[in-house]
Amino acid sequence: MAINEQYRICPATGLRVYRSAENLIKANAVIAIIFLAIGGLFGLMVALTRWKAVHLLPAEWFYLVLTAHGLNVLVVWIIFFEVAVLYFASAVLLGCRLATPRIAWAGFALMLIGAVMINIAVLQGHSSVLFTAYVPLKAAPHFYLGYILFAVGALIGCFIFFGTLVIAKQERTYEGSVPLVTFGAVTAAIIAVFTIASGAIILIPTFLWSIGLVSHIDTLMYRTVFWAFGHSSQQINVAAHISVWYLIAAVTLGAKPLSEKVSRFAFLLYILFLQLASAHHLLVDPGISSEWKIFNTSYAMYLAVLGSMIHGLTVPGSIEAAQRRKGYTNGLFEWLRKAPWGNPAFSGMFISLILFGFLGGISGVVMGVEQINLIIHNTIYVVGHFHATVVAGTTLAFMALTYLLIPLIFQRELILPGWARAQPYLFGLGVTGISLFMMGAGTLGVPRRHWDISLADAVLPYDFPGAANLMMGLNGISALLAGLGGIIFIVVAVGSVFFGKRITLAEAKPDKPEAAVVAKYGSAETPAVPGTMVLVAVFFTTFVLYYYVNWKYLAEIWPLR
Amino acid sequence: MSISPPQEKLWWNEPIPKSELIWIIVGFIWGLIMFFMMIYWHAVGEQNLSNEAYRITAEDFAARTNTMIEKYKVRDEAGFPVVHPPPGSDVYLIARLWQWWPILELEKDQSYRLHISSMDWLHGFSLQPVNINLQIHPGYEMVLTAKPDKAGEYGIVCNEFCGIGHHTMVGRMYVIEK
């Protein structure tokens with residue numbers, strides 16, 4: 001019986017780790033990282049093509065590589081890693097066996113087959129339709145089929161996760177409520193089910209269209225439903241990487257939430273006000289009313305944004321509280337100065353938090369304003385925004401988590417610890433450049449998804465301002481930095497998994513004191529977090545100023561009505 | 001810790017720390033302000049996208065555009081007709097693989113009802129350097145009233161990927177002083 005399955009007790013954290021869960025986490029994480037390497041390499045080629053002085057690829061190759069870049073990193077890397085996170089947050093954190101590991105392996109196989117199929121279709125050259133695959137651009141049928149198989153595999157992963165929660169409850173492997181990190185993972189999985197359902201609604205007919213069984217697909221319908229899939233999947237990422245922030249803060253510093261209620265409520269807001277996420281992609285499309293756009297981008301009160309703003313306080317707040325409990329109480333920021341900046345898991349997590357909030361969060365809200373979208377839609381500003389959210393936010397958080405998983409799950413020490421220590425800074429710096437320079441170029445009108453902004457082949461030429469070319473060049477240099485950070489990550493992660501020194505029971509470092517820090521909840525026992533309040537005040541000021549600066553920019557364009 | 005079940009089983013009864021409460025209130029009010037800002041701009045702002053759009057076939061839209069071109073063509077330029085329609089009139093712009101057709105010549109500070117539609121795939125209307133961006137669909141005619149307020153030569157770049165010739169799809173628009 002599976003119930004008698006083998007497990008081990010992790011000596012560092014005291015967590016019970018079952019063999020089946022461990023193997024699946026390993027497999028999903030390793031495959032994820034391989035696809036990150038592939039997709040990242042394609043990304044570097046994209047950035048080097050858009051750097052005018054280099055202009056690496058010819059046009060046909062550029063769109064092919066851009067398609068491969070988007071799919072491999074935005075879909076394959078992130079979702080494989082998220083499945084690993086789901087299994088970790090259920091089986092490992094609850095000390096429970098994984099539900100139906102064989103079916104979980106079947107899901108894994110489907111995802112892998114799907115991912116390989118997509119890549120084959122794209123590399124064959126007749127499926128350069130980009131990540132969005134907007135009709136009437138037509139890809140090869142196995143492109144859509146690969147997409148669908150991958151999604152079915154991911155859906156199976158979600159249900160394995162839910163099943164594991166049920167088993168943990170029935171077998172009473174924990175008492176009371178699930179941990180906050182698991183709760184966050186639950187929100188991610190619920191959003192994932194909605195997302196994948198939307199994906200099925202749009203991709204299955206498109207697949208049938210590609211083999212000739214459906215005659216016509218309306219472009220506006222496609223964009224509306226596609227983004228219910230395409231953007232909701234970013235909401236999964238947000239819920240997942242915020243859970244990872246809490247997880248890393250807990251493992252490295254023993255942080256506990258300032259209040260369970262507030263942090264869980266903030267996760268709940270993501271589910272309840274998961275914006276009908278297609279809305280803010282359609283702000284300048286014809287045939288959709290302003291009322292629909294305004295209501296659905298904001299749900300009247302921007303409550304999903306409120307959820308993220310709350311996490312923006314509670315994550316650093318929980319770190320500050322943990323540090324103050326340890327005695328780092330001098331001034332406003334001693335807790336931050338004396339944080340473990342040399343631990344790549346912590347530094348990666350904190351850099352991810354800052355960049356996601358300041359760059360990704362603020363820009364996302366601003367460009368999602370109905371009218372302001374007029375000066376941003378489909379410019380490369382959009383690309384700058386989502387590199388701040390998906391690369392600086394999600395990818396860097398997952399990289400940081402990998403540094404924790406290697407000793408915990410793979411039971412190996414990190415090779416090249418010095419390189420690992422520098423990696424989050426290097427990668428963070430590169431992504432900051434990528435995001436800021438692309439946003440800057442976007443405000444100068446540079447289009448996204450464009451092979452040649454010198455427009456040299458056009459009959460009627462147009463010259464973008466020189467600053468735009470400068471920004472795209474700086475973007476290329478930043479991409480090289482981020483690429484270097486990415487390569488170091490891959491080398492350290494893969495090298496450690498296969499060649500790192502095995503951690504044996506005797507050698508395991510007793511990081512236990514962190515885990516032993518327990519305190520009851522309640523404001524009396526939670527130290528005040530003045531440093532965090534200063535941080536969020538700075539954030540809020542930036543947010544408000546930047547928001548109104550963009551209204552000012554908007555007011556300068558031609559009157560339209 | 002965040003990775004273990006809450007210490008206090010009735011965690012939902014715990015009071016909320018003041019720091020969090022303040023931040024939630026600030027965030028909530030800010031959300032309301034941002035929501036009403038969009039509505040406010042519809043009332044007083046001058047840059048709002050119209051809600052006017054129609055379903056139309058490519059043939060119909062092309063026919064209307066050609067009628068306008070025949071009536072108001074003033075010259076040719078690089079193989080494109082340049083059209084100078086009277087202020088206040090309906091002007092048409094075709095997006096197709098890989099052209100913006102024709103070249104429009106408008107007068108400064110005059111309003112025009114601009115109709116845009118695609119003949120084939122999705123395109124992105126990106127008017128430079130003013131940086132006005134619209135999504136152009138086949139089968140849908142978008143109608144908006146625009147009032148150019150600066151004279152000059154404008155480029156119309158396509159910013160929605162439309163196949164291998166995407167980067168050659170550049171149009172032109174003139175705004176002249178009258």
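How much area do chain A and chain B bury between them? About 9100 Å², with 68% of it on carbon and sulfur atoms. Buried area here is the accessible area (1.4 Å probe) that two parts lose on being put together, summed over both. On the chain A side, A:Leu460, A:Trp558 and A:Arg561 lose the most area to chain B, together 11% of what that side buries.

A quick word on what you're looking at: this is a predicted model, where local features need pLDDT of at least 70 and side-chain atom pairs count only at pLDDT 80 or more, while totals for chains, interfaces and linings use all residues. Residues are numbered from 1 along each chain as its sequence is written, chains are lettered from A in the order in which they are written, and side-chain values use heavy atoms, leaving out hydrogens and water.

Here's who takes part in the contact (heavy atoms within 4.5 Å):

| Chain | Residues in the contact |
|---|---|
| Chain A | 113 residues |
| Chain B | 87 residues |

The interface holds three salt bridges, each a side-chain nitrogen of Lys or Arg within 4 Å of a carboxyl oxygen of Asp or Glu. A:Arg449 and B:Glu160 meet in a salt bridge at 3.4 Å, N to O. Helix α17 of chain A (residues 530-555) gives the most to the side that touches chain B, with 11 residues; helices are DSSP runs (H or I, at least four residues), numbered from the N terminus.

How values were computed:
Helices (H or I, at least four residues) and strands (E, at least two) are DSSP runs, numbered from the N terminus.
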